Amino acid sequence: MSAETRPRLIETIGRKRISFREWRGHRPFWGGLLTLLAGIPIMYIPYANLTIGSLTVRMATTAGAGSLIIGVLLVVLGLTMWFQPASRVFAGVAAILLSLVSLVVSNFGAFLIGFLLGLIGGALGVSWAPGRTSQGGNDTEEPARHTVAGPVVATHPAPAAGPGSGNGLDDLSGTSPTNGTNRRHRAG
């Protein structure tokens with residue numbers, strides 16, 4: 001490897017890492033990963049044989065086919081969260097329901113490992129929301145100010161009849177938005 005190819009290799013790896021980060025940011029990545037990982041123990045453990053010396057312990061249950069189906073569906077739902085982010089709510093709810101069913105069908109949800117991974121992954125898939133894209137503007141512009149919700153105040157209040165008239169605009173405590181002493185701006 002020459003001295004010239006090493007910087008290009010580092011730049012290529014950096015670009016791929018940035019593009020993966022961008023791809024990951026537009027979908028419920030962690031929810032899909034946990035859901036996908038939940039399917040593996042649910043599929044595998046009911047068919048596993050544990051050998052201790054000359055003793056073979058078989059974990060197979062009568063519902064082994066159900067465990068296989070639930071595990072495959074969880075893997076597919078995890079991939080669906082990755083590649084079809086628009087259907088993330090359906091995939092998340094289905095993953096939660098399948099994880100709950102795996103408690104009964106698949107050795108307590110493959111000894112609670114697959115159950116918990118599926119439950120958390122499904123919840124992350126349901127709760128994920130796409131981020132807002134930033135508007136391509138000038139960086140020198142002042143950022144938009146966000147106002148804090150407060151009391152509703154008329155923009156052009158009628159003059160008060162006197163102290164204690166009851167319309168709330170004659171607040172003498174020093175915190176009224178009309179006299180500007182509370183450091184908030186009026187809307188309008």
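In H4, the buried residues are Arg88, Ala91, Gly92, Ala94, Ala95, Leu98, Ser99 and Ser102. Look down the axis of H4 and these buried residues fall within an arc of 165 degrees, so they line one face of the helix. Keep in mind that this is a predicted model.

What does that buried side pack against? The buried residues of H4 pack against helix H2 (29-44), helix H3 (64-83), helix H5 (107-111) and helix H6 (113-127).

Helix H4 covers residues 88-105, and at 1.5 Å a residue its 18 residues should span 26 Å; the end C-alpha atoms sit 25 Å apart, which agrees. Just after H4, Asn107 takes a positive phi of about 50 degrees.

| Pair | Centre to centre | Angle between planes | Type |
|---|---|---|---|
| Trp23 and Phe29 | 6.2 Å | 75 degrees | edge-to-face |
| Phe29 and Trp30 | 5.0 Å | 80 degrees | edge-to-face |

Why do both count as edge-to-face? Planes over 60 degrees apart get that label, so the Trp23 and Phe29 pair qualifies at 75 degrees and the Phe29 and Trp30 pair at 80 degrees.

Phe29 is buried, with a relative accessible area of 10%, while Trp23 is partly exposed at 27%. Ring pairs also link Phe29 into a cluster with Phe20, Trp23, Trp30, Trp82 and Phe83.

How values were computed
Residues numbered from 1 in each chain as written. Predicted model: local features only at pLDDT ≥ 70, side-chain atom pairs only at ≥ 80, totals over all residues. Heavy atoms only, no water. Phe/Tyr/Trp six-rings, centres within 6.5 Å; stacked < 30°, edge-to-face > 60°. Buried < 20%, exposed > 50% of the residue type's maximum accessible area, 1.4 Å probe, protein only. Helix = DSSP H or I, 4+ residues; strand = E, 2+ residues; numbered from the N terminus. Expected span 1.5 Å × (residues − 1). Arc of directions from axis to C-beta. Contact = heavy atoms within 4.5 Å.
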